[in-house]
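Student: I have a new structure to look through. Can we go over how some of its helices pack?
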Amino acid sequence: LGNYYSHKAEHHKAVEYFQRALKLNRRYLSAWTLVGHEYVELKNTAAAVAAYRQAIEINARDYRAWYGLGQTYELLEMHAYSVYYYNHAKRLRPYDPRMWAALGTTYEHMAKYPQAVQAYRMCVSLKTEPDVALLHRMAGIFKSKIRPPQLHEAAKLYELTLQDTDDGVMVDSEMALEACDFLSSYYTTTRVDPDRATKYANVLMSYGGPHKEHAKSVLARLQGNQPRLSQPSPLSLSSQRAVTTMAEEPAPPEYGGADSSMDMSDFS
């Protein structure tokens, strides 16, 4: 019944039934983790932390409890603690892309962009289908958050988000338009490739607003009728380095780490 009400988003009722289960068996591991999830949904962070800690006391190798603590501290914007708990979850379940995505998001909140990108890359590599939204997010980090900007990395990632068809580039979202906008400028001013610049500019010409105006300026520039587009200066070879190796965060004092991996069921 607890799971039933959880799936119906009736979280107060779900908590009531999970608590009944715990009255019958205080060492019921799944009930502690599931009631912790419900408390997270209810934004009752103190109760969520207490429930997840009870689960860890029963089994310190339950990745769900460590992951839940990471989510809870993320809600509290205590990101150093969140990284610590997500790292525990990741060590227990390193093949799960959710662990890496959560870790990357937290690093991004902390403005630790190289570590965020490395975690996102691991997440993408573990997925069976391309994660267009995550690739787009990584491109944005390289374009505007890492200093100096790494436009070559951003261009490679933006191109991975686009799908070529016999009729040209498929544009089915605002993210795709943003990618074409960036690539048309990149291939006009940074890495000059008129054919590619024209390809992406022509895609933008089919749409109104600022994207179309930008495409007109790109095409005019390619035809020699427009002053040079404003664009961040090209990078030196020494600055075009891949992401540095992500270091583990120092552990807060609550718990010791659990390093062995195990296969457990997905979140209920």
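Student: Is the crossing of helix 5 and helix 6 left-handed or right-handed?
Tutor: The crossing of helix 5 and helix 6 is left-handed, meaning the near helix is turned anticlockwise from the far one by less than a right angle; clockwise would be right-handed. Note that this is a predicted model, where local features need pLDDT of at least 70, side-chain atom pairs count only at pLDDT 80 or more, and totals for chains, interfaces and linings use all residues. Residues are numbered from 1 along each chain as its sequence is written, and side-chain values use heavy atoms, with hydrogens and water left out.

Student: At what angle do helix 5 and helix 6 cross?
Tutor: Helix 5 (residues 63–75) and helix 6 (residues 79–92) cross at roughly 160°, and their axes come within 8 Å. Helices here are DSSP runs (H or I, at least four residues), numbered from the N terminus. Axes are lines fitted to C-alpha atoms over the stretch in contact, with angles from 0 to 180 degrees between N-to-C directions.

Student: So why are helix 5 and helix 6 called roughly antiparallel?
Tutor: Helix 5 and helix 6 are roughly antiparallel because of that angle: over 145 degrees counts as such.

Student: Which residues of helix 5 and helix 6 make the contact?
Tutor: Among them are W66 and Y73 of helix 5 and Y85 and L92 of helix 6; contact means heavy atoms within 4.5 Å.

Student: New topic. How many disulfides are there?
Tutor: The count is 0 disulfides, a disulfide being a pair of cysteine sulfur atoms within 2.5 Å.

Student: Is C180 buried or exposed?
Tutor: C180 is buried, at 0% relative accessible area. C123 is buried too, at 1%. Buried means under 20% (1.4 Å probe, protein chains only).

Definitions and conventions:
Buried < 20%, exposed > 50% of the residue type's maximum accessible area, 1.4 Å probe, protein only. Helix = DSSP H or I, 4+ residues; strand = E, 2+ residues; numbered from the N terminus. Parallel < 35°, antiparallel > 145°, perpendicular 65-115°, else oblique.
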